[in-house]
Amino acid sequence: MYSLNRQAARAVMCLVLAAPSAGGATDIRHTDTDLIEAQWAEYDANRPKTIREIQPFRRLTRAQGPDGTEITLTSLNPGINAWFVLDIRRDTRSRRIDSYHIELSDPDGTGLSLVEGDADDEAPALVFARDGIEERCTPWSGSAPALDRAAASGLPYAPVCDGRAFVRNEVRGSRTSREAVAEFLRDNVVFGESIVDLIKGSFYEDAYMSSGEVVAGTGAGDIATGLGRARLASHPLIRTYFGFEPEGAAGGLEAGSWYAVKDAPGIYASAVQPGMIHPDVLNGPGRTHRLDGIERRADVYLVGFDLSQFELGYEPGTDHPRLGWSSRPRGAGRNRALPGPDGFDRAAPVVRTGMLSPSLTDRVAATFAGGFKRDHGAWRAGEKSVTNHGHHYGFLANGVIFSKLHPGLSTLFVLDDGSVHMRKWREEDRALLPRVRFARQNGVPLVEDGVPGAQVTSWLGGNWSGSAEAELRTLRGGACMKTVSGRKFLIYGYFSTATPSAMARTFQAYGCDHAMLLDMNGQEHTYMALYVREDGALRPQHLVAGMAQIDERARDGTPVPRFVGYADNRDFIYLLRK
């Protein structure tokens, strides 16, 4: 259990306080350490609760209209200033409260507050402040309130108040037929998880394995030398497929080298087969299993992003990761009095849209699928299975905590200054929580401090998933961070068939500081696409050809980009051009 002393509480309080509200509305803010400690106590409490009660930085403002309408605006994390919940009780004699999840279209440049009316007969209003100009909006007023019309629109993001904000609405997220079948089996059939594991072990192992032609010699073309070469025994050409064009690689890619991607500044591509890695890397430092003959010649595709040119964000899917219990923890790891490991199993009134906000699509450069679903995102055995409720993988979006971050787990996170980090979460990082804009945990490190993580060779200890016989070789996706001359690069890796050992040695050969597993077994789970603009339309360019079949299609056959053009059931990470 975390603890927070009063000095730390005062430091957090300073981060959370915002400008005083105008117009006489009741601003329920953290004015002393007792209040903020009370909200931390709610966060820590081991009891059923709502998602609101896990937000230790929330701030409430209340106002009442002349007709008795009661309005409450809750900023879920004032330091991030992106997501709000608007509660309206239109009839004080009724218990009914209508709740709306509000997202600012420009949280970095806009302030939002709730104020009373200037006169006794004037209704309260939302005030949007930008560049010294204040604009009022009363979307709950009138015979057909704008809030109700937005909520009934069926749009994941319905604009209100002249587009200054969106109402986030629940929609059904897209899923492939294979995902639908697997989900049905898990949720409705006795031993459904065992059936899914059997299917994976029988049919999916190596199903996506590719092995490009290896050509002796050089002459690879233009190489992005700034990123350096992977440490290989040799650097032959590989004739393999990317869904986008690496500059100067028409005759193949020199293994382990980086190439600029055409029409995608700041993005680079590389390819390798793990058997090419230098023996000094394959044999240490760090401990891994020996690579078998199949994964040694299996293609690995990597895409690097110069983070000086990009912002990174994270969005949960409409369904996954879920918030209830994984089936894995047993005994002391599972409190059956709680609906979920954090005290709840529903996000309401927070809404998960499973797609990028329309206010960001003009800057989107890439997306890739997030981490494991909740059922696989906890430990079935070992110390982690019986502590912290099984160590369910945590995640945050726009400063809102969906599931707590646990120390010891690999975490990709973004702070309020836009800086991107990847490392194990630590006990002392609790003090960072007010500043965390996005975060996604997914197991323990593949690479830590430049060498394979301590649990890479342990199926149960690493929670690597795979068959019950610990047959771990399958399609896998992962990510790592690398620093080059003070500049950070995020690298996404697609391993056409690999064990955690092959992933760790590959990321190690590429000079990664920290690496983590994302998801596995299918191209819908390892999906990755870049985006270019053609004739005013956003066109996806997929990492491998099969991923194009996952995107939906418009009536004229035009591809509609996953995560960007429609809601998806899975979570994802996105990169925006600065």
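This report describes a sheet, a helix and several salt bridges in a predicted model.

## Basis of the analysis

In this predicted model, local features need pLDDT of at least 70 and side-chain atom pairs count only at pLDDT 80 or more, while totals for chains, interfaces and linings use all residues. Residues are numbered from 1 along each chain as its sequence is written, and side-chain values use heavy atoms, with hydrogens and water left out.

S6 and strand S7 (residues 125-130) pair in the antiparallel sense over 5 bridges, and Gly111 stands opposite Ala129 in S7. Two strands pair if DSSP finds at least two bridges between them; strands (E, at least two residues) and helices (H or I, at least four) are DSSP runs numbered from the N terminus.

## Helix H2

Helix H2 (residues 33-44) has 12 residues, which should span 16 Å at 1.5 Å a residue, and its end C-alpha atoms are 16 Å apart, in agreement. The expected span is 1.5 Å times one less than the number of residues.

The buried residues of H2 are Thr33, Ile36, Gln39, Trp40, Tyr43 and Asp44. Seen down the axis of H2, its buried residues fall within an arc of 145°, so they line one face of the helix. The arc is that of the directions from the helix axis to the C-beta atoms. Buried means under 20% relative accessible area, exposed over 50%, and partly exposed in between (1.4 Å probe, protein chains only).

## Salt bridges

The whole structure holds 31 salt bridges, each a side-chain nitrogen of Lys or Arg within 4 Å of a carboxyl oxygen of Asp or Glu. Arg473 forms one with Asp292, the closest N and O atoms being 2.7 Å apart. This pair links distant parts of the chain, 181 residues apart: Arg473 is in the loop between helix H9 (459-462) and strand S26 (474-484), and Asp292 in the loop between helices H6 (279-282) and H7 (293-296). Arg473 is buried at 14% relative accessible area, whereas Asp292 is partly exposed at 28%.

In the salt bridge of Arg423 with Asp429, the closest N and O atoms are 2.6 Å apart. Arg423 is partly exposed, at 22%, and Asp429 is buried, at 2%. A network of salt bridges links Arg90, Arg96, Asp98 and Asp148.
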